[in-house]
Amino acid sequence: MSLSITPETRISELLEAYPGIEEQLIARVPRLAKLRNPVLRETVARVATIERAAHMGGLATRDLVLDLRRAAGQDNEPLVSSDAPAWLDPARVRLEIDADAMLATGEHPVGKVRQSMANLESGEILRLTSSFRPMPLIDLMQKGGAQVYSAETEPGRFATWFCRP
C-alpha cells in the first residue's frame, strides 16, 4: 500500500501502510509507546494524526513528517519535471506562500494553497517556498488538474509553482 505521508495522516493509516515504521515513530515520540498495546492501538492510532504526534513529542511537525517519509522511502520521489516548463512565467505569479512560516505557527499550507488556487484565474501561478519538497501537496494538486513544477533553488530550499488550469 502506498500512502503519502502528511501532517493529516492518521497514525493507524501510517502503521497499516508501513508496519516497520512503528519503532521509529515511538523513538521520536516516546509517549506513543502505548501503540504496542493492541487495545490502545485501536483507539489512539485511529484518532491521532502525525501532526498531533509531533505536538505530543514536542517536535516540529515538518521534522517528524520528513523523518517518517525518509523511513518509508519517500524522500527521493522524483521531481515533477527536470526542466522548467514553458508555462512557468514569473510574470504570471500572483501569490507567494512560505510553507515553513505557516508550519512554524501550527498551520498547514494545504488549505491555504487550495483556497488560493481557487481564487486564481486560469494560467495564473502560486509559488510556494519551503525547506522540503511538498510531494503530498504536489500529488494532490496534480490530481485536481493543476500544473506543477518543483525545484531546489538552493541547498535545503525548494520552490514549487502551481498553475491553475
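Colleague: Which residue in strand 2 is the bridge partner of V93?
Modeller: In strand 2, V93 has I125 as its bridge partner. This is a predicted model, in which local features need pLDDT of at least 70, side-chain atom pairs count only at pLDDT 80 or more, and totals for chains, interfaces and linings use all residues. Residues are numbered from 1 along each chain as its sequence is written, and side-chain values use heavy atoms, with hydrogens and water left out.

Colleague: How many bridges join strand 1 to strand 2?
Modeller: Five bridges, and the two strands run parallel. Strands here are DSSP runs of E, at least two residues, and helices are runs of H or I, at least four residues, numbered from the N terminus. Two strands pair if DSSP finds at least two bridges between them.

Colleague: What is the strand order in the sheet?
Modeller: The order is 1-2-4-3, in an open sheet of four strands with mixed pairing. Strand 1 (93-98) and strand 3 (147-154) are at the edges; each has a single partner strand, so one side of each has no neighbour in the sheet.

Colleague: Which helix packs on the sheet?
Modeller: Helix 7 (residues 109-119), which touches strand 1, strand 2 and strand 4 (157-163). Contact means heavy atoms within 4.5 Å. The direction of helix 7 makes about 165° with that of strand 2. Axes are lines fitted to C-alpha atoms, for helices over the stretch in contact, and angles run from 0 to 180 degrees between N-to-C directions.

Colleague: What does T129 touch?
Modeller: Not counting residues up to four places away in sequence, T129 touches I97, D98, A99, D100, R157 and F158.

Colleague: New topic. Which residues touch the most other members of the largest nonpolar core?
Modeller: I11 and L32, out of 23 residues in that core. A nonpolar core is a set of buried Ala, Val, Leu, Ile, Met, Phe, Trp, Tyr and Cys residues joined through side-chain atoms within 4.5 Å.

Colleague: And what is L32 in contact with?
Modeller: Leaving aside neighbours within four places in sequence, L32 contacts L25, I26, V44, A53 and M56. Another core, of 16 residues, lies apart from the largest one, and includes V113, M117, I138 and A146.

Colleague: Last one, P90: buried or exposed?
Modeller: P90 counts as exposed, at 66% relative accessibility. P90 sits in the loop between helix 5 and strand 1.

Definitions and conventions
Buried < 20%, exposed > 50% of the residue type's maximum accessible area, 1.4 Å probe, protein only.
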